[in-house]
Amino acid sequence: MKFSIALAAMVFVMTGPSGAAESELNITRAGTRPVNAAPAQNFTGSVQVEMLHTPVGAGRASAGIVSFSPGARTAWHSHPLGQTLIVTSGIGRVQRWGGAVEQIRVGDVVHIPANVKHWHGAAADSAMTHIAVTEALDGKSTDWMEQVSDAQYGASPAPVVAPAPAPPLQGQKLFGDIAPKFAQLTDEVLFGDVWARPGLSLRDRSLVTVSALIAMNRPDQLRGHLARARQNGLSDAELIEATTHLAFYAGWPSAVTAIGVARDVFTQPRP
Ligand code: MN
């Protein structure tokens, strides 16, 4: 009985309600999609396009990764049904006709309404990559116009936000008065250089640092680094899990000490 219901459901899924065999998943593997230079008549500078999806059947959304070298940009254009841009690396610029040049960065999402004349591209001194999601109307997704002149492109972008005043650096705050050179090394080399290197995320750097301090039974330094780890995206549950794990490798007493410190730190509100 169970089997025949499952079989009936499977046949339904495989053929679909209309009977058309359109239910297969289509997975294109990373690294197998072609990357092509964008056509020069619609772009300035070096621009590479990797199409992720082109609409099939009644669908009308396309998606592509567009990579702009520094200074490269689209021509002025509009989209009959609008467009969404998701910045995945670098720093770029976007402008609608009559508006300010806006700076865009990793993680920013720009929605361009239907039929709004605009351009997008990289900053002058940084490459920029975005994913573009665009819907086509009657098979057409873009109306191309004139190129963006150097004068238009070079208009200085509006500041994103006023930079916040820098907080006092950690080393300076903790022992700048008694050990200025050590404070400078702590702030400039340890936190300013090593912690800032792109090879590991801040979250992962916090996890290995906290682990080392737990293993070495260093509750004073652990206190500050547990607070930092929470700022860097580790949950309290993850930090407790790491401590439990380390009990088996670093010794029970070290883990017990760490739990005591964590109990104190976790009473503070999460950043
Ligand atoms: Mn566009």
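Contacts (heavy atoms within 4.5 Å) between residues 24 or more positions apart account for 66% of the contacts in the protein with a separation of 6 or more. This is a predicted model, in which local features need pLDDT of at least 70 and side-chain atom pairs count only at pLDDT 80 or more, while totals for chains, interfaces and linings use all residues. Residues are numbered from 1 along each chain as its sequence is written, and side-chain values use heavy atoms, with hydrogens and water left out.

The protein has eight helices and 12 strands; these are DSSP runs numbered from the N terminus, helices being H or I with at least four residues and strands E with at least two. Of the 271 residues in the protein, 31% are buried. Here buried means under 20% relative accessible area, exposed over 50%, and partly exposed in between, for a 1.4 Å probe and protein chains only.

**Nonpolar cores**

A nonpolar core is a set of buried Ala, Val, Leu, Ile, Met, Phe, Trp, Tyr and Cys residues joined through side-chain atoms within 4.5 Å. The largest one has 16 residues, and those with the most contacts inside it are Val47, Val66, Phe68, Ile104, Val110 and Met128. At least two residues of this core come from each of strands S3 (47-53), S4 (61-68), S7 (83-96), S9 (109-112) and S11 (128-135). S7 supplies the largest share, three residues. A second, separate core of 14 residues includes Ala229, Ala258, Val265 and Phe266.

Not counting residues up to four places away in sequence, Val110 touches Gln83, Thr84, Leu85, Val94 and Ile104. S7 and S9 pair in the antiparallel sense over four bridges, where pairing requires that DSSP finds at least two bridges between the strands. Within this arrangement, Thr84 stands opposite His111 in S9.

**The manganese site**

Five protein donors lie 2.1 to 2.2 Å from the manganese ion: His77 (NE2), His79 (NE2), Gln83 (OE1), His118 (NE2) and His120 (NE2). Donors are N, O and S atoms within 2.8 Å of the metal (3.2 Å for Na, K and Ca), and since water is not among the atoms, sites may look incomplete. The donor residues follow the spacing H-x1-H-x3-Q-x34-H-x1-H in sequence. Gln83 lies in strand S7 and His118 in strand S10 (residues 118-122), so this pair ties together parts that are 35 residues apart in sequence. Both Gln83 and His118 are buried.

**Aromatic pairs and charges over rings**

The structure holds six aromatic pairs. Rings of Phe, Tyr and Trp (its six-membered ring) pair if their centres lie within 6.5 Å; planes under 30 degrees apart count as stacked, over 60 as edge-to-face and the rest as tilted. Two of the pairs are listed below.

| Pair | Centre distance | Plane angle | Class |
|---|---|---|---|
| Trp76 and Trp97 | 4.8 Å | 80 degrees | edge-to-face |
| Phe248 and Trp252 | 5.7 Å | 80 degrees | edge-to-face |

Trp76 lies in the loop between strand S5 (73-74) and strand S6 (77-78), and Trp97 in the loop between S7 and strand S8 (102-105), so their pair ties together parts that are 21 residues apart in sequence. Trp76 is buried, with a relative accessible area of 2%, whereas Trp97 is partly exposed at 47%. In the other listed pair, Phe248 is exposed at 63% relative accessibility, and Trp252 is exposed at 54%.

A charge sits over a ring if NZ of Lys or CZ of Arg is within 6 Å of the ring centre and within 35 degrees of the ring normal. Arg93 lies over the face of Tyr153, 4.5 Å from the ring centre. The charged end of Arg228 sits over the ring of Trp195, at 5.5 Å from its centre.

**Loop residues**

Asn42 occupies the loop between strand S1 (35-37) and strand S2 (43-44) and is buried at 12% relative accessibility. Leaving aside neighbours within four places in sequence, Asn42 is in contact with Thr74, Ala75, Trp144 and Gln147.

Most residues other than glycine have a negative phi. Asn115, in the loop between S9 and S10, has a positive phi near 65 degrees and is exposed, with a relative accessible area of 53%. Asp138 lies in the loop between S11 and strand S12 (143-144); its phi is positive, about 50 degrees, and Asp138 is exposed at 79% relative accessibility.
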